[in-house]
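Visitor: Please show me the structure, and let us then work through it by question and answer.

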Amino acid sequence: MKALRFERSIARFAAANLASRLSPGGGAKVGPLRLRDIDPPRLPGDDWVEVLPRLAGICGSDLATIDARSSRYFEPIVSFPFVPGHEVVADLPTPIGHLGAGRVVIEPVLGCVTRGIDPMCAACARGDLGNCERIAFGAIEPGLQSGFCCDTGGGWSTRMIAHVSQLHAVPETFSDEAAVMVEPTACAVHGALAADVAEGDLVVVLGSGALGLLTIAALRRFGRPCTIMAVAKHPTQHRLALELGADSVVLPHELTRAVRRASGSLALGDGDIIRLTGGADHVIDCVGSEESLTEALGVVRPKGRITMVGMPGQVSVDLTGLWQREITLAGAYAYGTETLPTGQRHRTFDLAFELVEAADLGRLVSATYPLSQFETAISHAAAAGARGAVRIAFDLRNEKERNRA
Amino acid sequence: MPRPGFVLDVDRSTPPILFHHGEGFRLERLPAGRSRVIYPAEPIEPLKNPDAAIRHALVNPIGDSEPLTALLKPGMKLTIAFDDISLPLPPMKRPDIRQRVIEAVLELAAAAGVDDVMLIAALALHRRMTEAELRHAVGDRVYDAFAPQGLLLNHDAEDPDNLLFIGTTEKGEEVEINKRAAESDLIIYVNINLVSMDGGWKSTATGLASYRSLRHHHNVRTMQHSRSFMDRHASELHSANWRMGKVLKDSGVKVFQIETTMNNNVFGTEGPMSVLQKREWEWSLSDRISMAGMKTALDLMPQRTRRQIFQNWQAPHAMTSVQAGEVEAVHELTTANVYKQHLVPVEGQTDIMTMGLPYISPYNVNSILNPILVACLGLGYFFNLYRGKPPVREGGVLIMSHPTPWEFHPVHHPSYIDFFEQVLSETTDPIRIEAEFEKSFAEDEWYRHLYRTSHAYHGVHPFYMWYWCSHALQHLGQVIIVGGDVRAVRRLGFKPASTLQDALEMASDVVGRDATITHIHNPPILMADVH
């Protein structure tokens, strides 16, 4: 089958890192990601099934991997070689379990159930799938998600496998574009609810790429009424942030002053702001860079909370303010089960399906590419905001090899 | 004999016309046969002995007022208020007019045995003046005699302990001014009338007032009903100040007004800058070389250096009249004297008005002409320098030339930055801005802190700058800025153009291809008397 495969190669890894410094996404040309003809993954058990990806998104963590910028933290929880692609809408050719043949969205986290681990870990038992403690154990090779595990394959190919527990049927009314947005939307829903925003709070969402925009939409739909200030670099992001529920949108360099005004804070500095004395109640960092975390620490109020939804790496940040202002810094990864402000509990993916439909999030898929144009696709995704795009995806629907059966 | 201002009809022989362009210049060819240039009058003769003229004015008052010598008594409480850093423009060479007048007043006060004297810079919501600026305005002798004892102060419009509510006008406008001034037996106001807007009751009722009081006339409605605010009798801004003046007078606040006027000698008659005061077809070879040299040198300099050079320029303009006594009578005469220098008769309106904006406005002395101040200088001040009707027709186009950098002085203009980033990104409609945003800026604790303790304009000040533009915005069909920072120009809601020719082409979409053009050759200042 045809697949984009990420292979372990120190030399290519170094080349990707270098290339990405010159041009974001440049790692696709010289790095460990190659377009290959490979054997389809084998089914590890009866409760696994082969699916045929239709669309597979390119997310920030994929780009960091391709550009060799992701943390070495991941080394023991991925297995090489792997086929990336964890935002996937696919065809399920044959019925399995409660699911009939048809389109499915994959919930990619490879927790205890998928690994055949029984009894499951405490996190999986609670429904906190993203916190599974067994992602490097069990019947399949290490891998925190499909798309990072050598046994499962990933969405950037014509075939992959999935455990029945990972499959969510796609309603007829959903386009493929809407369906492929379900997984990133679930991440955003989890991040928005993890922040536990109180009514009337001022919430800053840093970054208005796909994750930031989806987080704004999730805050507006599932969170308590609050004031959302989004930070966007580009005009399209600005427009979409407002459409999806932000009360105001500012440019990155305008943020500190805007937060000061919105929060009624004083500031240290004679006109130029050295530091705010107060700030936003919450900052949701959907970028995950050294700059964004520094910015978050600069605009959050004492005893405020920073929720990191964007994937960070190794960063160097002055945490004196975090200590002196007693700021809470928390991560929000993936999804599982959420508790809404009403106290009701829902699977994150169910909420994500609801949000994708309600906010018409399929429109955020800006462009699709065949696998053969992966270098162009990756470079487009890496510069999506500047080029007026949000989410770039691979389109597998017309791949000859996929349709040959 | 100085020549009066006049209107030149542009023909094929007309040389390129000077446009001020911030800390630089442009020479532009205007279309022949449909363009005219309004030139200011040459500097009128100054007073030969200004100190003697001042002394004469103090003892020979105008209107219903006793001579100052009769008003000064031992044991009285005397406050001398004076115009702040916003006047004159550019700052004048020493000695400043204020120094001359204040020294003369203090001599009389000392002779009369007055020992309770306070000097107050009547800056309203402007920034506090620095020691150097105060020294320049009042002179070292006065500064050293008063400032160390705390007797020379910047007015603080946010000091609740030093404001006094006087009453309300018949239209419900609240009058609240500096308490020390209000409780004095006599306020002597020392004024510089650079333009006809200055002076009269505006000196005390605005210069010494609080936000509570100022908001009654510094608003969109007032500006849209002032046609223009440079013409006191057609200005709602002045009507409101005059009503407030009546409240002050009726409450017993006694004002002895000293007003001065100055000539148009902004760039001098010698040196490289003098070419800016000449008419282009009269430029000598050395003038042309001066202009070419200046342009080239300025183009090569970093912005910071250019700004420093221009901000250090002190004008040789000289006093042309001084009158003292009762506020309204004094002001009538002052205005007539201002008009002698500034008024230029103009026949009818044109479709397009062009202007080159210089580096300075009342609110960026020793500072940066940020985009909001660019807008205010063009649409607020220069546009309103008319009597009768604007030189451009309703629905016409205004083309201004200025680099309009996206740059602010953070110490002087902190709330301007936020206004530009947060308010103008939402709307440029003055009415909406006033309704939705003014209060929160005016009451912002940080801006208040910076205004009172540092050298920041009050939080509400950028709003006033935008309101100043509202008559022009209402009148014009389009505003174009030539040579400006494109993003900044767009944020202002205007159209950017890279050349005058492009701007005229763009304007043709609004006013047609054969549109008539008026160029305002300002500075030196002129006021179009349009019939």
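Guide: Domain bounds come from an automatic or database domain assignment. This is a predicted model, in which local features need pLDDT of at least 70, side-chain atom pairs count only at pLDDT 80 or more, and totals for chains, interfaces and linings use all residues. Residues are numbered from 1 along each chain as its sequence is written, while chains are lettered from A and ligands numbered from 1 in the order in which they are written.

Visitor: What distance separates the centres of domain 1 of chain A and domain 2 of chain A?

Guide: Chain A is divided into domain 1 (2-183 + 359-403) and domain 2 (196-331). Taken over C-alpha atoms, the separation of the two centres is 29 Å.

Visitor: Which helix gives the largest share of the side of domain 1 of chain A that touches domain 2 of chain A?

Guide: Two residues are in contact if their C-beta atoms, placed from the backbone, lie within 7 Å. On that basis, 15 residues of domain 1 of chain A and 16 residues of domain 2 of chain A take part. Helices (H or I, at least four residues) and strands (E, at least two) are DSSP runs, numbered from the N terminus. The largest share of the domain 1 side, 3 residues, comes from helix H3 (residues 60-66) of chain A.

Visitor: How are H6(A) and H7(A) placed relative to each other?

Guide: Axes are lines fitted to C-alpha atoms, for helices over the stretch in contact, and angles run from 0 to 180 degrees between N-to-C directions. Helix H6 (residues 182-194) and helix H7 (residues 210-222) of chain A pack at about 55°, with axes 8 Å apart. Angles under 35 degrees count as roughly parallel, over 145 as roughly antiparallel, 65 to 115 as roughly perpendicular and the rest as oblique. H6(A) and H7(A) are therefore oblique.

Visitor: Which elements of chain A do the buried residues of H12(A) pack against?

Guide: A residue is buried if 20 or more other C-beta atoms lie within 10 Å of its own, exposed if 12 or fewer, and partly exposed in between, with C-beta atoms placed from the backbone. In helix H12 (residues 348-358) of chain A, the buried residues include A:Phe349, A:Leu351 and A:Phe353. Their partners in chain A are strand E7 (167-169), helix H5 (176-180), H6, H7, strand E16 (337-339) and strand E17 (345-347).

Visitor: Which helix gives the most to the side of chain A that touches chain B?

Guide: The contact takes 10 residues from chain A and 13 residues from chain B. With 4 residues, the helix that gives the most to the chain A side is H9 (residues 255-263) of chain A.
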